[in-house]
Amino acid sequence: MAAIEMKNIVKQYGDGFPAVNDVSIDVEDGEFLILVGPSGCGKSTLLRMIVGLEDITEGDMLIGGKKVNDLAPRDRNLSMVFQNYALYPHLTVYENIAFPLRLAGKSDSEVDEKVREASKTLELDEHLERKPGNLSGGQRQRVAMGRAIVRDAEAFLFDEPLSNLDAKLRGQMRTEISRLQKRLGITTVYVTHDQTEAMTLGDRVAVLKRGVLQQHATPRELYENP
Ligand code: ADP
Ligand code: ADP
């Protein structure tokens, strides 16, 4: 069973052109899928339907075999990593990572164990007492991912996380995200309009145009058969 199954997904806003038109994509367990296409092609809409933030007009969206619309928001165990990482500036790295666990009412010892484990994996253990404002972009990204892994999220969802960065930093972050994703082995869907990102980051790339899936293949296949 695929981790995420999109079956003939349609999204219609009002009575215009469908924003997403009959899209079917399976994302395998541990796979890094890129959704790429020009502005307005429906990438964010599709991502929001995966997380359950947007109603699905037609079709089925299955997460771990369950329809996303049947899951209560608290049971939708997916972590969205935003462009600005949505970290709490007044909280330490430790407390930022701990936040979802505190929210879930976990005991201090459980929180501590999970935060330590995550921060080791993410090489943040030296920085637990710092505030996000004193961290590099890469470190901030790792804190955001730390928050996702402490709650054992079933998938990471990225919506253009690097689009505000300069070219150099973007390149570094791309490498870092790719390395972490492989190490954690967590299913990932990553939205971008950047071709280079699409061709260098993902295991597979889904190309959207005006809401329609044009191609769904590995970067190598796309390169050889554009
Ligand atoms: P992308 O992420 O690829 O830039 P979007 O998913 O944001 O594309 O948008 C796809 C299409 O749906 C666009 O034509 C956009 O204008 C339209 N759209 C997106 N959100 C809404 C909304 N809340 N209401 C109406 N139309 C929307
Ligand atoms: P370290 O330098 O190893 O991060 P600290 O001095 O920051 O150690 O923390 C000491 C102990 O307190 C550790 O067990 C750590 O997990 C825990 N801890 C650190 N920060 C917090 C915090 N904000 N809230 C609760 N426990 C914390």
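This is a predicted model: local features need pLDDT of at least 70, side-chain atom pairs count only at pLDDT 80 or more; totals for chains, interfaces and linings use all residues.
**Ligand 2, contacts.** One of its nitrogen atoms is 3.0 Å from an N or O atom in the side chain of glutamate 95. An oxygen atom of ligand 2 is 2.4 Å from an N or O atom in the side chain of aspartate 112, and an oxygen atom is 2.6 Å from such an atom in the side chain of arginine 116. I noted that the protein covers 48% of the 540 Å² of accessible area that ligand 2 has on its own (Shrake-Rupley method, 1.4 Å probe).

**Ligand 2, shell.** I listed the residues with a heavy atom within 4 Å of the ligand: Tyr94, Glu95, Arg102, Asp112, Arg116, Leu128 and Glu129. Five are charged, two nonpolar and none polar (Asp, Glu, Lys and Arg count as charged; Tyr and Leu are among the nonpolar). Helix H2 (93-103) and helix H3 (108-121) each give two or more residues to this shell; H2 has the largest share, three residues. Helices are DSSP runs of H or I with at least four residues, and strands are E runs of at least two, numbered from the N terminus.

**Conventions.** Residues are numbered from 1 along each chain as its sequence is written, chains are lettered from A and ligands numbered from 1 in the order written. Local features need pLDDT of at least 70, side-chain atom pairs count only at pLDDT 80 or more, totals for chains, interfaces and linings use all residues, and side-chain values use heavy atoms, with hydrogens and water left out.

Terms used
A polar contact is a pair of N or O atoms within 3.5 Å; within protein, one must be able to donate a hydrogen and the other to accept it, and residues adjacent in sequence count only if both atoms are side-chain atoms.
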